[in-house]
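Me: I would like to learn how to read the features of a protein model. Could you walk me through this one?

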Amino acid sequence: MTEAVIRKKAGMASVKDMPVLQDGPPPGGFAPVRFARRIPTKGPSAMAIFLAAFGAFSWGMYQVGKGNKIRRALKEEKYAARRAILPMLQAEEDERFVKEWKKYLEEEAKIMKDVPGWKVGENVYHSGRWMPPATGELRPDVW
């Protein structure tokens, strides 16, 4: 398109001859420009999040406490059963020990029969303190 068509004038010699056509605001002015930072309030508030977290923590600690009570009761039941059976187990161990001790003394008498002044079953340590005998294997198979 030519300038004559656009301006509805016959040809112009210079651009300076063109009439000044300036844009202006619409009647009543432009709408105000929003430049402030406006963050939308979506989601729960901080207080709601805090209360929800506190509630979840409290419920969890309640569950832990309940579990501790149950575990403590089971542990006490196990210990009570062990206390009840302990005398029987101790009696069985004492019976086993006496049988083993008799075998040990017989073996000692057989081995030390040629040593003069040897007393079978006498303690070789003279500390004056009583020590309970070992309840493990009295006569190991390999000497």
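This is a predicted model: local features need pLDDT of at least 70, side-chain atom pairs count only at pLDDT 80 or more; totals for chains, interfaces and linings use all residues.

Me: Which side chain does Arg83 meet in a salt bridge?

Reply: The idea is to look for a side-chain nitrogen of Lys or Arg within 4 Å of a carboxyl oxygen of Asp or Glu. Here the partner of Arg83 is Glu76, with an N to O distance of 2.9 Å. Glu76 counts as partly exposed, at 42% relative accessibility.

Me: How many salt bridges does a search of the whole structure find?

Reply: The search finds 3. Another of them links Arg96 to Glu93, whose closest N and O atoms are 2.8 Å apart. Those two residues sit 3 residues apart in helix H2, so about one helical turn separates them. Arg96 is partly exposed, with a relative accessible area of 31%, and Glu93 is partly exposed too, at 25%.

Me: And what is the N to O distance between Lys99 and Glu95?

Reply: That salt bridge has a distance of 3.8 Å. Lys99 and Glu95 are both in helix H2, with a spacing of 4 residues, or about one turn of the helix. Glu95 counts as partly exposed, at 46% relative accessibility.

Me: Let me zoom out. How many helices and strands are in the protein chain?

Reply: The chain has 2 helices and 0 strands. Of its 143 residues, 3% count as buried. For contacts with a separation of 6 or more, 47% are between residues 24 or more positions apart.

Me: What does the UniProt annotation say about residues 45-62?

Reply: An unreviewed UniProt entry annotates residues 45-62 as "transmembrane region". You can then compare the record with the model: this stretch is 94% helix and 0% strand, and its end C-alpha atoms lie 26 Å apart.

Me: How should I read the surface? Which residues make the nonpolar patch of about 480 Å²?

Reply: Start with the total: the accessible surface of the protein chain is about 13700 Å², and carbon and sulfur atoms hold 63% of that. Then look for the patch, made by Val115, Trp118, Val120, Val124 and Tyr125. Val120 is found in the segment after helix H2 (46-111).

Me: Is Val120 buried, partly exposed or exposed?

Reply: Val120 counts as partly exposed, because its relative accessibility is 41%.

How values were computed:
Residues are numbered from 1 along each chain as its sequence is written. Side-chain values use heavy atoms; hydrogens and water are left out. Buried means under 20% relative accessible area, exposed over 50%, partly exposed in between (1.4 Å probe, protein chains only). Contact means heavy atoms within 4.5 Å. Accessible areas come from the Shrake-Rupley method with a 1.4 Å probe; for residues, only the protein chains shown count as cover. UniProt positions are given in the numbering used here, feature names are shortened, and annotations may be inferred rather than shown by experiment. Patches are made of residues with over 30% relative accessible area and no salt bridge: like charges are joined within 9 Å, nonpolar side chains (Val, Leu, Ile, Met, Phe, Trp, Tyr) within 5 Å.
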